[in-house]
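Work through the exercises below with the sequence and the structure open beside you. Try each task before you read its solution.

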Amino acid sequence: MTRHAVLKMPTISDFDASSFLSTPGAGKTIVDHRKNQTIFGQGDNANTVFFILQGRIKLTVISEQGKEAVVGLLEPGQFFGECCLNGIPMRTSTATAMEDSTITVINKATMLATLRDEPAMAEFFMAYLLARNSRIEEDLVDQLFNSSEKRLARLLLILARFGEHGSRPIDIDISQETLAEMIGTTRSRVSYFMNKFRRLGFISYDAKIQVHESLLDAMSSDNVLAQQAT
């Protein structure tokens, strides 16, 4: 009677993606960055992937004409710099710490080997990429079809992580100029809309911007555009 060897298939429990991403090791380091410190610049060599443990990171691009645009604000639990895995040799954006941040730096070879050998890590990374792709599609639709006022309202809700009822503070130091760059308008227009939102009770100012549930309700019913200044 022939006995066949039983092959042990890799399972999720064999590998802890969270532990891998939060501890130093072969091909990995944990690095602290101070607020406003540049992590990498547009045009730098791309040979590492980054994972945010603490803090927030801003991604910006500069055109040949010198115009700067904010293309992303990243939070803990997000990757950046992963384009190097696709063979892109240089950074296509500049990454800057918006606040004191702790980041895991993984060299390209280690990341590729881990994705190849560890199904749990591949699943974790794939889930992140799919979620990010959905967010990019939503951002594109927002940019193409919504007014700058509605784009600002959506951005404020995202920054406030508005997933539950109640008021939410935006817990980062973000200027109106940065908000304008993110939604593709001028700082003066952002200032006008912010004043309007405050007058209508959608937001309030204290030490930080406070986003209220009424802004979410207005977005859902398109009342942001319908409300008129008094």
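Two strands pair if DSSP finds at least two bridges between them, and strands (E, at least two residues) and helices (H or I, at least four residues) are DSSP runs that are numbered from the N terminus. The model is a predicted one, in which local features need pLDDT of at least 70 and side-chain atom pairs count only at pLDDT 80 or more, while totals for chains, interfaces and linings use all residues. Residues are numbered from 1 along each chain as its sequence is written, and side-chain values use heavy atoms, with hydrogens and water left out.

**Exercise 1.** Determine how many bridges join β4 to β5, and in which sense the two strands run.

*Solution.* Start with the pairing itself: β4 and β5 run antiparallel and are joined by six bridges.

**Exercise 2.** Find the order of the strands in the open sheet of three strands, and explain which of them stand at the edges.

*Solution.* First, the order is β9-β11-β10, with antiparallel pairing. Because β9 (168–169) and β10 (203–205) each have a single partner strand, they stand at the edges, and one side of each is left without a neighbour in the sheet. Then consider β9 and β11 (residues 209–211), which pair over two bridges in the antiparallel sense; here Arg168 stands opposite Val211 in β11. Lastly, helix α6 (residues 187–199) packs on the sheet and touches β10 and β11, and its direction makes about 100° with that of β10. Contact means heavy atoms within 4.5 Å, and axes are lines fitted to C-alpha atoms, for helices over the stretch in contact, with angles from 0 to 180 degrees between N-to-C directions.

**Exercise 3.** Describe how the axes of α2 and α3 cross, and which residues meet there.

*Solution.* The axes of α2 (residues 108–117) and α3 come within 5 Å and cross at roughly 105°. Angles of 65 to 115 degrees count as roughly perpendicular, under 35 as roughly parallel, over 145 as roughly antiparallel and the rest as oblique, and α2 and α3 are therefore roughly perpendicular to each other. At the contact, Met111, Thr114, Leu115 and Asp117 in α2 meet Pro119, Met121, Ala122 and Phe125 in α3.
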